[in-house]
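The sequence and the structure come next, and the text follows them.

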Amino acid sequence: MRHKHVVGVVITVFLSWNLLTYYVLVSRQHGKMDSPETIRDRLKKIEEDIHQQMNENEKLLRQLQRYRKTSGRKGQLSHGNGSKVNLNNIFEKHIRDFPTTSPEETVLPVLLIACDRTQVSRSLDQLIKYRKDPHKFPIVVSQDCGHVKTSMTIDRYKDKVTHIKHPDLSDINLPWPQTKFQGYYKIARHYRWAINQVLVKLNFSAVIIVEDDLDISPDFFEYFAATYPILRADPLLWCVSAWNDNGKDGMVSNDANLLYRTDFFPGLGWMMERRTWLELEPKWPKTFWDDWMRHPEQRKNRACIRPEICRTSTFGKQGVSKGQFFDKHLKFIKLNQQFVPFTKKDISYLMQDKYDVDFIKRVYSCMTVTATDVVNGIGKDKKCLRVQYNTKEEFKTFAKQLGIMDDLKAGVPRAGYRGVVSIIHKSRRVYLTPPATWSGYNPNWN
């Protein structure tokens, strides 16, 4: 019943839009209207097209569902080369509890959000190149916008990815001041639909979300496979991100092994669990979903895992954001080029009970200096330096001096943890920190 209701709404919107467009164009160009029979034929054709698109989406999604439902003698998938792969263990064991789950048993689908960028092929080429196990990391490309050339580009990968299309391409009715944000509203709508397909309809336990303008590192999949068990085990984690907002070349260590906790939701290549989505989906925002994720009501004092050196970088200068921050910041982000075997390392130090004790000790044992001292090279013989801020204005001033992104979301600085932002400045570790008595973020700091 719910499915029929959704289809009905979509059809009604499309038909209404087509009627209005038809009457306007015809009246302007020909000065007269077509017959009612002609109009009914046109509307019938549109209705058929919509049903066809819905059916295509259902067919593609069922292909992935077969993986999860396959068992026993049916649990073998034939590859083009004639080899057989038993999917029963691969797709079912990952639902076990953390202590008995190994990286080899984890299935983490990758959801690529696409629209009208034909350069999606650049992202897909890298995902396929670095993905060692297609059954462990199935790729679903969800396309909005209805852009034909982009659709044709994605279809070239039909043997390696599942291509689904958002059925609702209608404009969103907005009051005049908000009409310039139409694109952001559509993005939020698409995200909600696409994530639901993977985590609700296909019932996967987690998802890795990327967009069609991201490059990835050689160890992109290794990174998420290794951090997934930590995400599951620690209730005070709610995401893993491949992104460091202050990850510009020259501002990060050369040590690709370094991983951190952050209170700031980074996005740009990130993973979350189904249980988190089921919490967020009922209240999902109509627009600006990423900033909404950074509100205290959503974050609930939870953190994300992030790397020192980014495992993604963006080449999307042109897009809905009109290239905001790209020339001044994003194009300088350093993308990791080393393969770090994270699944063979003990990264349990990222669990909060272990992490916080060491983090506080390490940060607040550093020599305290001013931002000006850091810039002038004072304390260059020290392994680490600490610059303390007490007010929002001080944070912004010192951040600009040190080259750190100075914006705050509900009081949380980008890449910050417990108010602390960490960078490399002239080969020294520098921490921009609140006082040691810090007791929480001030959501009025924006």
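Cys239 and Cys304 are both buried, where buried means under 20% relative accessible area, exposed over 50%, and partly exposed in between (1.4 Å probe, protein chains only). The model is predicted: local features need pLDDT of at least 70, side-chain atom pairs count only at pLDDT 80 or more, and totals for chains, interfaces and linings use all residues. Residues are numbered from 1 along each chain as its sequence is written, and side-chain values use heavy atoms, with hydrogens and water left out.

These two cysteines form a disulfide with sulfur atoms 2.0 Å apart; a disulfide here is a pair of cysteine sulfur atoms within 2.5 Å. The angle about its S-S bond is 120°, and the link of Cys239 and Cys304 is right-handed. Cys239 belongs to strand 8 (residues 237–241) and Cys304 to strand 11 (residues 303–307), so the bond ties together parts that are 65 residues apart in sequence. Helices (H or I, at least four residues) and strands (E, at least two) are DSSP runs, numbered from the N terminus.

## The other disulfides

The structure holds three disulfides. Counting bonded cysteines along the chain, they follow the pattern 1-2, 3-4, 5-6.

Cys115 and Cys145 are bonded with their sulfur atoms 1.6 Å apart. The torsion about this S-S bond is about -80°, so the disulfide of Cys115 and Cys145 is left-handed. Cys115 sits in the loop between strand 3 (110–114) and helix 4 (120–130), and Cys145 in the loop between strand 4 (139–143) and helix 5 (148–155), so the pair joins parts 30 residues apart in sequence. Cys115 is partly exposed at 22% relative accessibility, and Cys145 is partly exposed at 37%.

Cys366 and Cys384 form a disulfide whose sulfur atoms are 2.0 Å apart. A torsion of about -105° about the S-S bond makes the disulfide of Cys366 and Cys384 left-handed. Cys366 is in the loop between helix 11 and strand 13, while Cys384 is in strand 14, 18 residues away. Cys366 is buried with a relative accessible area of 5%, and Cys384 counts as buried at 19%.

Four strands make an open sheet of mixed pairing, in the order 13-14-18-17. Two strands pair if DSSP finds at least two bridges between them. Strand 13 (367–369) and strand 17 (421–425) are the edge strands, each pairing on one side only. From one strand to the next, the twist averages 35°.

Strand 13 pairs with strand 14 (residues 384–388) in the parallel sense over three bridges. Val369 has Val387 of strand 14 as its bridge partner. Helix 11 (residues 352–364) packs on the sheet, touching strand 14 and strand 18 (428–433), and its direction makes about 105° with that of strand 18. Contact means heavy atoms within 4.5 Å; axes are lines fitted to C-alpha atoms, for helices over the stretch in contact, and angles run from 0 to 180 degrees between N-to-C directions.

## Residues around the largest cavity

Which residues line the largest cavity? The lining consists of Tyr260, Arg261, Arg306, Tyr355, Phe359, Ala415, Gly416, Tyr417, Val420 and Ser422. A cavity is a set of points on a 1 Å grid over the protein atoms alone where a 1.4 Å probe fits but cannot get out, and lining residues have an atom within 4 Å of a point. Strand 9 (259–262) and helix 11 each supply at least two residues of this lining.

Terms used:
On a 1 Å grid over the protein atoms alone, a cavity is a set of points where a 1.4 Å probe fits but cannot get out, and a pocket is an open set with protein on both sides within 12 Å along at least five of seven lines; lining residues have an atom within 4 Å of a point.
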